[in-house]
Amino acid sequence: MAADHALSWLNLALRWGHVITGIAWIGTSFYFNWLNSRIAPPAGRSEPGVAGELWSVHGGGFYRFVKYAVAPAQLPATLHWFKWEAYATWLTGVSLLALIYYLQAGAFLVAPGSALAPGVVIGIGIGTLVGSWLVYDGLCRSPLGRRPVLLTTLGFALVTALAWALTRVMSPRAAYLHVGAAIGTVMAANVLMVIIPSQQAMVAALARGQPPDALRGKQAALRSLHNNYLTLPVLFIMVSNHYPATYGSWLNWAILAGLSVVGALTRHWFNLRNQGRRAVWILPAAALGMVALAFVTQPKRPPAPPAGATAGVAFTDVRVVIARRCAACHSATPTLPGFAAAPAGVLLDTPDQIRSQVPRIEAVAVMTQTMPFGNVTGMTVEERELVGQWIREGARLR
């Protein structure tokens, strides 16, 4: 019990840190993209080498930002770097992945019914993170790196294929999060391996009085642009575990691909708007895409029993199923290792508690069948049908 309690608080600390550092990273990225698009040529005389400036007001103060075409003639004594937000976001995210999915792989990582050993699936997960960066980096350095449309198309196809493959060997939630972790690894590695080294090389060249390497600067700009468009798809994956209609669909990999397109389109609209350009079709297209995905993921409800039909499922039978398959986690005193408290505060100990959660039970245990998580308690198809029939008959407590 003490170990479970400690793991629960470690989970909280890592998740909190992941959210905080993620906000810092994404906020910085969004702000600098906005800043770059709003920089305008100086209105009056300015120092040599200045490409543009921007005035703003915030918190009762006025600020003037200056951007140099390359760099100032003399570097300042203090130069601020933006990198630790990215590194900390990745470290906390991977730590969460290991804590929840690797340390409890048999329960949460491996796809229900899979013949693969947990260690093998863990290896696939780690290989996904490493392999995604190697493939992406190789493509960016190849001639495709100079053809953005082809590079984007191929990259999207590869991510979609990855999502499909992972849903074959991992539980749906684990597959989604590994796709997000793979994209997050690419984004953080872009900062660590390309963007920051390019900036460091530029600073070193200027300190020696030499011109910076323009090719490295172009690679850094390309990776920064990619990170910008990948942000919204990753943000969805971070919260996807709250939406079983997405990862619980039999087309979960395609739903993820569709939502990624919606996110990238939305980001593109903001980028164009920040540049003073208007593309009125983008947001309506993204909204239409969301509506289409909602329609596709709509659960197919079995037909209700005829009016006047005699209820055939006794609550006592349903309660036995819930006690065996659900209450191991959803109880005031969980018995499943790793749970010190009921997830999301959902309790299924008493008849009234069960009755109050009928809509949620129907959604996750009957329709999408995403609970129990990883089917760790072994809920059968017949048991799901029994619970579903009880709900359709009115969920009577008798």
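Is A395 buried or exposed? I looked this up before anything else. A395 has a relative accessibility of 4%, so A395 counts as buried. I am working from a predicted model.

**Entry: A395 and its backbone**

I placed A395 in the segment after α14. Then I checked its backbone angle. Phi of A395 is near 50°, which is a positive value in a residue other than glycine.

**Entry: the whole chain**

I stepped back to view the chain. I counted 14 helices and two strands in the protein chain. The C-alpha trace spans about 85 × 50 × 45 Å along its principal axes. The chain has 398 residues, and buried residues make up 39% of them.

**Entry: helix α13**

Which residues of α13 are buried? I listed V358, I361, E362, V364, A365 and V366. These buried residues pack against α8, α11 (315-325), α12 (351-356) and α14.

I followed the contact with α14. Helix α13 covers residues 358-367 and helix α14 covers residues 381-392. Their axes come within 10 Å and cross at roughly 145°. The crossing of α13 past α14 is left-handed. On the α13 side, the contact is made by V358, I361, E362, V364, A365 and V366. On the α14 side, R384, V387, G388, W390 and I391 take part. I sorted the residues of this contact into eight nonpolar, one polar and two charged.

**Entry: helices α1 and α9**

Helix α1 runs over residues 2-38 and helix α9 over residues 252-274. Their axes come within 8 Å and cross at roughly 35°. From α1, the contact uses F30, W34, S37 and R38. From α9, it uses R267, R273 and N274. The residues of this contact divide into two nonpolar, two polar and three charged.

Where does R267 lie relative to F30? I found R267 over the face of F30, at 4.1 Å from the ring centre.

**Entry: aromatic rings**

I searched the whole structure and got 11 aromatic pairs. How are the rings of W84 and Y87 arranged? Their centres are 5.3 Å apart and their planes stand at 90°. The cut-off for edge-to-face is over 60 degrees. The pair is therefore edge-to-face.

I checked where these two sit. W84 and Y87 both lie in helix α2 (residues 84-102). They are three residues apart, about one turn of the helix. I then compared their surroundings. W84 has a relative accessible area of 60%, so W84 is exposed. Y87 has a relative accessible area of 14%, so Y87 is buried.

I took another pair, Y176 and Y247. This pair is edge-to-face too, at 6.3 Å centre to centre and 75° between the planes. Y176 is in helix α6 (residues 172-207), and Y247 is in helix α8 (residues 244-247). The two are 71 residues apart, and the pair links distant parts of the chain. I found both Y176 and Y247 buried.

I also noted a cluster. Ring pairs link Y31, F32, W34, Y63, F65 and F82. W34 was already in my notes as part of the contact of α1 with α9.

**Entry: N227**

I found N227 in helix α7 (residues 214-239). Is N227 buried or exposed? Its relative accessibility is 7%, so N227 counts as buried. Which residues does N227 contact, leaving aside its neighbours within four places in sequence? I wrote down W25, M187, N190, V191 and I195.

**Entry: L103**

My last stop was a loop. L103 is found in the loop between α2 and α3 (105-108). Its relative accessibility is 65%, so L103 counts as exposed. I looked up the distance from L103 to A71. The two are 32 residues apart in sequence and 48 Å apart in space, C-alpha to C-alpha.

Terms used: Residues numbered from 1 in each chain as written. Predicted model: local features only at pLDDT ≥ 70, side-chain atom pairs only at ≥ 80, totals over all residues. Heavy atoms only, no water. Phe/Tyr/Trp six-rings, centres within 6.5 Å; stacked < 30°, edge-to-face > 60°. Helix = DSSP H or I, 4+ residues; strand = E, 2+ residues; numbered from the N terminus. Buried < 20%, exposed > 50% of the residue type's maximum accessible area, 1.4 Å probe, protein only. Lys NZ or Arg CZ within 6 Å of the ring centre and 35° of its normal. Axes fitted to C-alpha atoms, helices over the stretch in contact; angles between N-to-C directions. Left-handed = near helix turned anticlockwise from the far one by under 90°. Contact = heavy atoms within 4.5 Å. Nonpolar A, V, L, I, M, F, W, Y, C, P; charged D, E, K, R; others polar.
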